[in-house]
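This report walks through helix packing, the core and a hairpin. Have the sequence and the coordinates open as you read.

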Amino acid sequence: VQRWVNSYAVGRSPKTTKNAYGFLYAVLKAYYPNMHINVSLPQRIKPRLYVPTDADIKAIIEYCKENDRDMLIAVYLAAFGTLRRSEVCALTVEDVEGSIIHISKALVYTEGKDWTVKTTKTTSSTRDIDMPDFVIKELPTEGRLVNLTPTQITHRFGRALKRLPSFRFHDLRHYAASMMHALGVPDVYIMQRGGWASDSTLKKVYRGVMDDYKDKFTSKVVSHIENISHEISHK
């Protein structure tokens with residue numbers, strides 16, 4: 001079985017190989033319940049995600065201010081409030097109370113080929129987000145906060161990127177989580193603000209390395225090491 005796994009893995013992704021092995025194992029166990037197999041599967045490939053920088057966020061906001069007010073609000077809610085597209089599109093003025101935005105629903109595409117407001121993705125996704133005053137002041141006074149569907153957000157976001165590195169609207173959540181993590185915000189608070197049930201997603205995906213913060217902290221590390229070396233040389 002190990003030889004088959006090694007051969008099957010050539011030219012295929014670790015996930016495909018794992019799924020094929022899982023199917024084979026299930027079939028073999030059905031015929032041989034007492035059988036035990038121990039094989040080594042290909043190592044999972046770590047996803048390489050681009051995490052938007054502060055400069056990227058500023059550039060997108062500047063573009064949206066001049067060209068697309070709905071997208072400006074959508075970007076604010078995603079980058080500073082960690083909201084998903086579906087959550088952004090389901091919000092109305094009734095969900096805003098002072099500086100607090102209540103997240104309790106999502107706009108999703110149903111089997112009937114229509115957009116429908118449903119509950120949030122998970123129970124943890126139902127949450128209250130405290131937003132800065134400048135964001136609250138941009139919100140409309142009646143109706144929906146953003147008059148777009150999730151699909152329209154994706155298309156319009158592509159226009160907003162223009163000369164910036166290519167990334168998804170959803171990556172604004174990566175930015176929000178990574179920014180909070182870089183600033184030393186405890187994981188439990190990041191999880192609550194972003195609506196994640198556990199920190200496993202944070203550890204696997206959302207703790208991306210933002211280049212501007214990486215340079216800042218790398219400089220601090222190098223400086224500390226140089227100070228240690230300087231003290232040793234003087235001794």
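## Helix α3 against α4

Helix α3 (residues 54–67) packs with α4 at an angle of about 155 degrees, their axes 7 Å apart. Axes are lines fitted to C-alpha atoms, for helices over the stretch in contact, and angles run from 0 to 180 degrees between N-to-C directions. α3 and α4 are therefore roughly antiparallel to each other. Angles under 35 degrees count as roughly parallel, over 145 as roughly antiparallel, 65 to 115 as roughly perpendicular and the rest as oblique. Helices (H or I, at least four residues) and strands (E, at least two) are DSSP runs, numbered from the N terminus.

From α3, the residues I57, I60, I61, C64, K65 and N67 meet R69, M71, L72, V75, Y76 and A79 of α4. Contact means heavy atoms within 4.5 Å. By class, the residues of the α3 contact with α4 are nine nonpolar, one polar and two charged. Here Ala, Val, Leu, Ile, Met, Phe, Trp, Tyr, Cys and Pro count as nonpolar, Asp, Glu, Lys and Arg as charged, and the others, Gly among them, as polar.

The model is predicted: local features need pLDDT of at least 70, side-chain atom pairs count only at pLDDT 80 or more, and totals for chains, interfaces and linings use all residues. Residues are numbered from 1 along each chain as its sequence is written, and side-chain values use heavy atoms, with hydrogens and water left out.

## Helix α7 as a partner

Helix α4 (residues 69–79) also packs with helix α7 (residues 150–161), at an angle of about 100 degrees and with axes 11 Å apart. That makes α4 roughly perpendicular to α7. D70, M71, A74 and V75 in α4 meet I153, R156 and F157 in α7. This contact of α4 with α7 has five nonpolar, no polar and two charged residues.

α3 meets α7 too, at about 110 degrees, with axes 9 Å apart. α3 and α7 are therefore roughly perpendicular to each other. I60, Y63 and C64 of α3 make the contact with F157, R159, A160 and L161 of α7. The α3 contact with α7 has six nonpolar, no polar and one charged residues.

α4 is mostly covered, with nine of its 11 residues buried. Buried means under 20% relative accessible area, exposed over 50%, partly exposed in between (1.4 Å probe, protein chains only). The buried residues of α4 pack against α3, α5, β2, α6, α7 and α8.

The largest nonpolar core has 46 residues, and M71, V75, F157, F169 and L172 touch the most other members. α4 gives this core its largest share, nine residues. A nonpolar core is a set of buried Ala, Val, Leu, Ile, Met, Phe, Trp, Tyr and Cys residues joined through side-chain atoms within 4.5 Å. Leaving aside neighbours within four places in sequence, M71 is in contact with C64, L148, I153, R156, F157 and F169.

Strands β3 (residues 105–109) and β4 (residues 115–119) run antiparallel and are joined by five bridges. Two strands pair if DSSP finds at least two bridges between them. K105 has T119 of β4 as its bridge partner. The hairpin has five residues between the strands, and K113 takes a positive phi near 60 degrees.
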